[in-house]
Amino acid sequence: MIKHVSVFTLKDKSEIKHFVEMLEEIGENCPLIIKSEIGVNMSEQPPVGPHFGDVIQTVEFLNVTDLEKYPQSKEHQKLLIEGPEMKTVTAIDYII
């Protein structure tokens, strides 16, 4: 199994709710995804120290092949086209 973790920082914080709804839809509808979990940051950004993103999504895939197919999936493409503009996105993939 592969876990894919993405931390999103949106340019416009007012779009967080809509973005979370889009991520939930992907988790429910993309056949490549085994499990998806989304969280919204509850902490304020400290003046010094680590950067806190706005939204995190953890996704589990059966294997590397499914992970590699995900960026081209219609669900992910819709997110790229219709989703809000990002300030930053940080991601990591690892074996579980």
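Which residue in β3 does S36 stand opposite? S36 stands opposite V59, and that pair is a handy way into the fold. Bear in mind that this is a predicted model, where local features need pLDDT of at least 70, side-chain atom pairs count only at pLDDT 80 or more, and totals for chains, interfaces and linings use all residues. Residues are numbered from 1 along each chain as its sequence is written, and side-chain values use heavy atoms, with hydrogens and water left out.

Let's start with the sheet. Its 4 strands are arranged in the order β2-β3-β1-β4, forming an open sheet with antiparallel pairing. At the edges sit β2 (33-40) and β4, each pairing on one side only. From one strand to the next, the twist averages 15°. Strands here are DSSP runs of E with at least two residues, helices are runs of H or I with at least four residues, and both are numbered from the N terminus. Two strands count as paired if DSSP finds at least two bridges between them. Strands of a sheet pair through backbone hydrogen bonds, either parallel or antiparallel.

Now go through the pairings. Between β2 and β3 there are 7 antiparallel bridges, and β1 is joined to β3 by 7 bridges, also running antiparallel. As for β3 itself, 6 of its 7 residues are buried, where buried means under 20% relative accessible area, exposed means over 50%, and partly exposed is in between (1.4 Å probe, protein chains only).

Next, the helices. Helix α1 (residues 16-29) lies across β1, β2, β3 (55-61) and β4, and runs at about 165° to β2. That angle is taken between N-to-C directions on a scale from 0 to 180 degrees, with axes as lines fitted to C-alpha atoms, for helices over the stretch in contact.

Helix α3 holds both L79 and Q77. L79 counts as buried because its relative accessibility is 11%. Leaving aside neighbours within four places in sequence, L79 is in contact (heavy atoms within 4.5 Å) with F19, M22, L23 and I26.

For contrast, look at the loop between β2 and β3, where P47 lies. P47 counts as exposed because its relative accessibility is 86%. P47 and S6 are 41 residues apart in sequence and 23 Å apart in space, C-alpha to C-alpha.

Finally, the largest pocket. About 250 Å³ of space lies in it, and of its 15 lining residues F8, H76, L79, L80 and V89 lie nearest the centre. The elements giving two or more residues to that lining are β1 (2-10), α3 (74-82) and β4 (86-95). By type, the lining has 10 nonpolar residues, 5 polar and no charged. A pocket here is an open set of points on a 1 Å grid over the protein atoms alone, where a 1.4 Å probe fits, with protein on both sides within 12 Å along at least five of seven lines; lining residues have an atom within 4 Å of a point.

How values were computed: Grid points are joined across faces, edges and corners, and a volume is the space filled by probe spheres set on the points. Ala, Val, Leu, Ile, Met, Phe, Trp, Tyr, Cys and Pro count as nonpolar, Asp, Glu, Lys and Arg as charged, and the others, Gly among them, as polar.
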